[in-house]
Amino acid sequence: MESAQPGAILTTADGAPLKQSLGRALRREKTVSLLLVAPLFLFIVVTFLIPIADMLLRGVDNKIVSEQIPRAVALLAEWDGGGGELPGEAVFSAMVADLQKGAKAKTINRLGKRLNYEKSGMSSLFRKSARRVLRLKEGPYREALVKIDRRWGDIQTWQLIKTFSPPYTGGYFLTAVDMRLDPAEGIVRQQEDRRIYLNLFGRTLWLSALITLLTLLLGYPIAYLLATLPTRTSNLLIILVLLPFWTSLLVRTTSWIALLQQEGVINDVLVAVGILDNDSRLAMIHNRIGTVVAMTHILLPFMVLPLYSVMKTIPPSYMRAAVSLGAHPALAFLRIYVPNTVPGMGAGGILVFILAIGYYITPALVGGSSGTFISNFIANHISSTLNWGLAAALGMLLLAIVLALYLLYDRIVGIDNMKLG
Amino acid sequence: MKFPPYTTPLERLWHYVFRIICGAVFFFLIFPIVVIIPLSFNSVPFFTFTDAMLSFDPAGYSLRWYQDFFTSLNWQRAVENSAVIALFSTLLATALGTLAALGLSRRHVPLRTTLMALLISPMIVPLIISACGMFFFYSRVNLQGTFIGVILAHAALGTPFVVITVTATLVGFDHSLTRAAVSLGASPARAFFKIIVPLILPGVISGALFAFITSFDEVVVILFVGTVEQRTIPWQMFSGIREQISPTILAVATLLIIVSMLLLTSVEMLRRRGEKLRGITPQ
Amino acid sequence: MKLRKLTLTAGALALSLGGAATAQAVDLVVVSWGGAYTASQQNAYHDPYMAMHGDVKIINDDSAGTSLAKLRAQNEAGNVSWALVDVVASTGISLCDEGLVEEIDHDKVLAAAPDGTPASEDFGDLIVSPCFIPQIVYSTAFGYRHDLLKHKPRKIKDVFNLHRFPGKRSLEKVALNNLEWALIADGVKPSEVYNVLDTPAGVRRAFAMLDTIKDHVVWWDAGKASVAIQLLADGEVVIASAYNGRLFSAIEEDKQPIGMLWDWQVFDIDGWVVPKGGPHQEEVLKYLRFATDTQRLADQAKYISYGPARKSSAPLVGKHATLGIDMAPHMPTDPKNAKNTLLFNYEWWADNRDDMDERFEAWLAR
């Protein structure tokens with residue numbers, strides 16, 4: 001074997017250059033790890049991410065208009081809506097043909113419902129017209145339609161249809177932030193009595209912030225206690241935090257119903273000891289108080305556990321050093337201890353906040369109408385009003401807030417460092 | 001309690017006040033759970049303590065709500081469904097999650113944080129959004145209202161927990177150990193089973209328990225993705241609370257509290273065992 | 001679509017092969033309202049039918065309150081799993097309007113009355129839509145806690161009088177009925193209610209009246225009248241609107257201290273619809289023929305105080321199955337109870353429901 005010469009390429013046992021070999025090993029390592037991750041990745045994409053993307057698409061989908069009245073939509077594209085003139089007889093004739101087809105297939109009312117989201121009265125217009133349009137045999141269709149309902153002679157009706165005829169729309173998103181697309185004026189604020197969602201987002205955020213603050217206030221002392229007690233005692237006490245954590249959400253919500261209602265345990269106790277009169281029992285459920293109390297209880301462990309794990313790493317010597325250097329214990333606590341726990345407060349705070357703003361079950365059961373969250377409205381639009389586009393748009397906005405907080409959480413804590421239990 | 005001689009009376013007072021505050025918070029945490037237990041033995045259909053109960057009159061107590069639970073067909077169906085759905089979704093979540101965690105814990109993973117963020121997302125996305133998305137999409141592919149649909153949905157929700165717990169057991173793992181084993185002649189499979197498996201096993205099991213409880217407690221997604229044929233215990237409880245709040249729900253709640261106690265104990269034991277295995281001792 | 005056709009042909013093939021295949025058990029998912037109502041259907045229709053047909057299993061799904069959404073999603077996906085759905089008339093009309101449920105030839109599908117009167121005549125005006133098979137006539141009225149209120153409410157306007165009747169109320173979380181009651185309580189002549197509601201000022205007037213009690217109302221979700229009963233029983237509210245049959249069960253069966261306020265009760269009809277493209281349609285029609293015959297409808301009235309939808313069933317209504325009390329005085333149609341009743345205007349609501357619901361939601365959220 002010859003001795004290595006300066007400048008010669010290092011090789012491995014099989015004669016390949018070391019660099020190349022290392023590169024190959026690295027590529028192999030990468031491939032192996034990706035192969036291990038791939039099954040779960042595909043699983044999550046198919047069962048979770050695609051459904052969410054699919055739902056969010058509904059927030060902009062508007063194909064229903066061009067599918068239900070294709071001929072009228074095609075002709076309306078050439079009509080100048082701003083001109084102040086009603087569309088011509090051709091458009092009316094196309095509309096009648098479309099309405100007749102839709103009335104026979106019984107699908108036209110879905111279109112009325114869709115347009116009603118933009119302007120009230122459209123649903124009844126289409127309903128009424130669908131009932132009578134089948135009897136129309138020959139033109140002139142303009143007079144005939146106007147006779148069925150004089151709103152067909154109103155230029156605004158046609159402007160609205162034209163405005164909302166493209167296959168995609170921002171209409172739902174505008175509604176979700178209390179705006180609307182006016183055919184004449186462009187994007188304007190919603191009429192006063194129809195503005196609800198900004199308020200609702202505001203309430204959701206504000207109540208979540210309040211709940212987060214309450215969990216911090218309640219969680220900080222016990223996390224501190226747990227972190228400073230001897231391990232044996234703290235291991236026992238932490239059970240009291242973990243048991244609620246592992247107990248079913250419905251169980252905990254149920255028990256709050258039992259505690260808070262008018263004939264419930266708390267009111268009974270207050271009446272029994274004479275603090276309350278039997279006639280003046282407190283209303284603590286089916287309102288904001290119910291939501292805030294129950295959710296604070298349910299989310300408290302999510303605050304205590306991150307705080308506790310951060311506090312455990314703070315050496316007690318810091319405080320002792322500060323005190324022995326002459327600081328007042330309270331001052332030392334505020335100046336030395338508290339700043340060291342900021343990461344724990346951040347982690348717990350963001351976690352609780354993220355979980356809180358998406359809550360559905362607890363507000364639905366104990367929140368009444370003043371303690372409901374945006375999630376409850378999404379569920380309501382899915383299952384009762386059937387305004388799925390608006391539900392998707394509201395969901396998208398909620399998701400955007402959550403993802404922004406998720407990124408913040410990643411910055412502060414790192415997703416890798418997320419711990420459970 | 002012994003205080004060092006230099007403590008001031010104010011500090012001593014504060015010490016007790018602090019303990020009382022903590023006691024109150026612990027009480028707040030645990031009381032709502034404990035209070036359900038005696039209420040579930042109520043002999044009348046009320047949600048509160050009756051005079052007979054308070055005076056410890058045996059007539060004030062009864063097992064009728066438990067009897068109701070154990071004889072009701074609806075509840076039996078719910079228990080069976082919950083067990084089947086939780087079991088299969090846990091198996092699926094654990095298998096996929098463990099593999100992925102092994103992959104993510106290797107030294108060179110391209111786009112590691114992005115991958116991790118995506119895989120954890122089912123835990124972060126508000127349940128109502130997941131539920132609605134799955135409702136629409138699963139309807140489209142004929143999975144809505146089927147056991148398979150519900151199991152897939154619950155498995156998706158459970159995987160983040162497995163990924164997190166298993167990854168945690170591999171933090172700080174010295175990969176040269178497996179290389180050493182292989183270079184000493186062990187087959188890669190043998191090295192895997194002898195070195196990696198014992199190490200991650202506590203994490204895998206506690207991840208599986210988390211996935212199990214996720215499915216076992218889940219109510220939002222099942223309301224949308226399932227139908228009455230897949231009714232689980234939480235489904236039955238939720239419709240019960242909205243239908244007719246009979247103390248049967250409290251009896252079920254008491255049984256569920258026992259289940260969660262068992263799960264909690266197992267997870268705690270596993271965690272401590274895992275820490276011991278990796279040589280981490282609690283300070 | 002192709003796949004669906006394939007499964008349909010396969011299904012038809014299996015049916016025509018018959019014989020061996022019929023031994024296979026058929027699960028019929030029947031969607032209804034839960035609680036005392038489903039129990040009455042179970043006793044009067046499901047159990048007797050299953051006893052006669054060992055191969056059919058009827059599964060109750062209590063989600064009628066959200067049936068519209070699930071039906072529409074199932075229809076959109078071409079994957080309908082429900083065999084039969086119980087809906088109120090107005091929902092039946094809009095499902096039919098949207099083409100989500102099958103049209104029925106009432107005389108062909110349903111049994112004639114014992115005297116030979118064809119079904120369409122026996123049900124009469126109650127067939128409000130070609131898709132709708134009426135079962136019962138019910139009313140939405142008020143119950144109140146007579147032990148918690150000092151005075152006895154007698155008129156609808158008492159519901160809005162917080163001073164004389166202090167305490168919370170529970171109302172259904174819909175615009176329907178509440179708007180009418182608000183206007184009547186505000187002094188509008190009942191015959192004029194829908195004319196007034198046709199004007200924007202009239203709608204504002206109705207909401208203004210509701211505003212006076214808004215802070216004292218616990219809302220129950222559409223269709224979940226049992227929540228209202230529960231709230232009454234718990235003393236969480238002192239007056240609640242609910243379906244008269246639910247109130248009957250609470251008062252007579254559970255002996256709750258609740259009284260009835262029948263003033264301006266709103267009559268409505270409840271019945272079956274068959275989802276378009278649903279499973280086992282042949283079995284479903286067989287079941288429907290049985291479950292809506294004269295005797296079965298009369299039987300249901302033994303368990304719950306709703307009036308049977310067939311004229312021929314009325315003479316057969318007797319005593320309560322377990323309590324043995326006469327059912328007639330508890331029917332909403334009893335002359336003593338029906339002094340003031342409001343006729344629900346289906347057409348007005350079909351045309352205006354979307355608008356009113358939206359305004360109602362916005363009003364609630366404010």
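Student: Among contacts in chain A between residues at least 6 apart in sequence, what percentage join residues at least 24 apart?
Tutor: This is a predicted model. Two residues are in contact here if their C-beta atoms, placed from the backbone, lie within 7 Å. Take the contacts in chain A between residues at least 6 apart; the share joining residues at least 24 apart is 67%.

Student: Which helix of chain A gives the largest share of the side that touches chain B?
Tutor: The contact draws 72 residues from chain A and 77 residues from chain B. On the side of chain A, 20 residues come from one element, the largest share: helix 1 (residues 18-58) of chain A.

Student: How many residues on the side of chain A that touches chain B are nonpolar, polar and charged?
Tutor: Tyr and Pro count as nonpolar, and Gly as polar. On that basis, the side of chain A that touches chain B divides into 49 nonpolar, 14 polar and nine charged.

Student: Are helix 4 of chain C and helix 15 of chain C parallel or oblique to each other?
Tutor: Their axes come within 10 Å and cross at roughly 60 degrees. Angles under 35 degrees count as roughly parallel, and 65 to 115 as roughly perpendicular. Helix 4 of chain C and helix 15 of chain C are therefore oblique.

Note on methods:
Residues are numbered from 1 along each chain as its sequence is written. Chains are lettered from A and ligands numbered from 1 in the order in which they are written. This is a predicted model: local features need pLDDT of at least 70, side-chain atom pairs count only at pLDDT 80 or more; totals for chains, interfaces and linings use all residues. Helices (H or I, at least four residues) and strands (E, at least two) are DSSP runs, numbered from the N terminus. Axes are lines fitted to C-alpha atoms, for helices over the stretch in contact, and angles run from 0 to 180 degrees between N-to-C directions. Angles under 35 degrees count as roughly parallel, over 145 as roughly antiparallel, 65 to 115 as roughly perpendicular and the rest as oblique.
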